[in-house]
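The sequence and the model are shown below.

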Amino acid sequence: MLSKFVLKSKNLNNYDFSVSSPYSELRYLDVTGSGIGRKSIEISFQFLQKHELEIEEESNQMDQSLWAMSRNQPDSSEALLCLRCRVSHPIAQKVNLIFNNFRDKYELELKDMLVYVLDDTGEVFLRSSYKTDEDSNEIRRQPLNWNTLLEMADKGIRPFSTDIIHSFDPDLSGLSTWAKNKVQANSDLKTYLRSCGLLLISPWALIADSTPTRVREAWSRCGDGNIQVMEMESLHRSYLSNYKAAKEVYRKSTGKATGWVPDAEFLASLNPPQKNRENLALLDQAIRQYLVGTNFTRQFKEGEEALLQSAPSTSSESSNSDLVQSIHQALQRSTQPIVKAAIESDRPRWEKDPSRELAWQLYGQGLGQREIATRCDHKQAWVSKLLLEKTLSENIAQEAAVALVRRSEFKPLLKDPAGVDRMIEELRNYLVSSEQKGNTSLLRQAVHEALQS
């Protein structure tokens, strides 16, 4: 007997159960196709037909009915499987939304995103390894039902759709909203997006989640405004003091947990008071750049300014010019032999796989990794592994830093290990920044020249 919340069809005697249903059609990761596949799950279809459930569209009533049944009959897999199909749809929708909104700017790969959250294949059994009394390994096959979810709760519940269902609280939101929020909060997906430079968090939540130390470091290294570090720290402290109360007022008045933005009253309560959200937006930008390790918008914007954060400043224009030239020359001297060695190491494999040579050529011409992958008929991960941009730029930056710290302007850094690390990071970012002559980074220029020699 189903839960009392089950939605019955008014007349199912002539109902066409071949109609696609979100409760019997699973969205899954199709590694050989476009990314998101779909398939009918016969067990779910038969379960819905057996209980004469109305299945054309999802509904909160049906969601709660199946969820209650999964919990009340914990040895059964069918109701849970229907919910797994149901949840796969908002998962796919949310990933598609993120991908379409940010793919061009951040060079995202849809399949790389889906692998973390769309990992349900519709199996009704889980296979796990366990040790016997004889200390040998055997494979255990257990049904994927609510009891199994309870057993896995402390170890991490997979597939991800079952984690969504297990944690679902119908008093807080609908299942679709719950699933989409869980996707956005998935730690593995966030790690991947962060590696691409994308932080999926609102500016106001990011500022609230940042510690004073992070704010101080981020503004010192990446801040792009006239406000001083101490003033920004004060602004952040007052922001933290007022944020929770303002959010609670918003939640009570709107009934929503998301969508809050600082209004005029909130801005006036800060220290120092703000007339608009401009300084908070600049702080958000600085924190994002600090966290993802990219600082291209400010890199060497005023000559050597970014590199001299820990070095004595000079007032002589000719001295500054000489220093910038020395930095540039040190990078060029370090870049050429390292890049050439990397290319020569890979060259013997080009005859067997010409796409490797093409990838180097396209990189030297300034193409992004996603476009290179398309032209070479490979995945972006293949391009990244071949070119090793991060490894090359770090090795070059370290070599250049060894030469530069001999100059009197940089000798104070020898007493500050963190300062040396910042210097290397700045040099590495400069190497891969496109804000150079011809909008081509020094590293790409070096690759192009090495291929021509």
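In which helix is P212 found? The model is a predicted one, and in it P212 is found in helix α10, which spans residues 212–222. P212 counts as partly exposed, its relative accessibility being 45%. If neighbours within four places in sequence are left aside, the residues in contact with P212 are E233 and H236. M232 is 20 residues away from P212 in sequence, and the C-alpha atoms of P212 and M232 are 9.8 Å apart in space.

**Overall make-up**

The secondary structure of the protein chain comes to 20 helices and four strands. Of the 453 residues in the protein chain, 45% are buried. Among the contacts in the protein chain with a separation of 6 or more, 65% are between residues 24 or more positions apart.

A search of the whole structure finds seven aromatic pairs. In one of them, the rings of Y239 and Y243 have centres 5.6 Å apart and planes at 20°, and because planes under 30 degrees apart count as stacked, this pair is stacked. Both Y239 and Y243 lie in helix α11 (residues 229–254), where they are four residues apart, about one turn of the helix. Y239 is buried, with a relative accessible area of 0%, and Y243 is buried as well, with a relative accessible area of 13%.

Y239 also forms an aromatic pair with F266, and this pair is edge-to-face, with 5.5 Å from centre to centre and 90° between the planes. Since Y239 lies in helix α11 and F266 in helix α12 (residues 264–268), the pair ties together parts that are 27 residues apart in sequence. F266 counts as buried, at 5% relative accessibility. Ring pairs link Y239, Y243, W260 and F266 into a cluster.

**The packing of helices α15 and α20**

Two packed helices are described by the angle between their axes and the distance between the axes. For helix α15 (residues 354–364) and helix α20 (residues 442–452), the angle is about 130° and the axes are 7 Å apart. That angle makes α15 oblique to α20, and α15 passes α20 in a left-handed crossing. On the side of α15 the contact is made by W360, Q361, L362, Y363 and G364, and on the side of α20 by L443, R444, V447, H448 and L451. Sorted by class, the contact of α15 with α20 has six nonpolar, three polar and one charged residues.

S88 has its place in helix α3, which covers residues 78–106. With a relative accessible area of 2%, S88 is buried. Apart from neighbours within four places in sequence, S88 is in contact with E25, L26, R27 and L118.

**Backbone features in loops**

Most residues other than glycine have a negative phi, and most peptide bonds are trans. Which peptide bond is cis, with omega near 0°? The bond in question runs from N271 to P272, and P272 has its place in the loop between α12 and α13 (278–292).

D377 has its place in the loop between α16 (369–376) and α17 (380–387), whereas L388 is placed in the loop between α17 and α18 (389–404). D377 counts as exposed, at 72% relative accessibility, and L388 is partly exposed, with a relative accessible area of 42%.

The table sets out the accessibility of several residues discussed above.

| Residue | Relative accessible area | Class |
|---|---|---|
| Y239 | 0% | buried |
| S88 | 2% | buried |
| F266 | 5% | buried |
| Y243 | 13% | buried |
| L388 | 42% | partly exposed |
| P212 | 45% | partly exposed |
| D377 | 72% | exposed |

Methods
Residues numbered from 1 in each chain as written. Predicted model: local features only at pLDDT ≥ 70, side-chain atom pairs only at ≥ 80, totals over all residues. Heavy atoms only, no water. Axes fitted to C-alpha atoms, helices over the stretch in contact; angles between N-to-C directions. Helix = DSSP H or I, 4+ residues; strand = E, 2+ residues; numbered from the N terminus. Parallel < 35°, antiparallel > 145°, perpendicular 65-115°, else oblique. Left-handed = near helix turned anticlockwise from the far one by under 90°. Contact = heavy atoms within 4.5 Å. Nonpolar A, V, L, I, M, F, W, Y, C, P; charged D, E, K, R; others polar. Phe/Tyr/Trp six-rings, centres within 6.5 Å; stacked < 30°, edge-to-face > 60°. Buried < 20%, exposed > 50% of the residue type's maximum accessible area, 1.4 Å probe, protein only.
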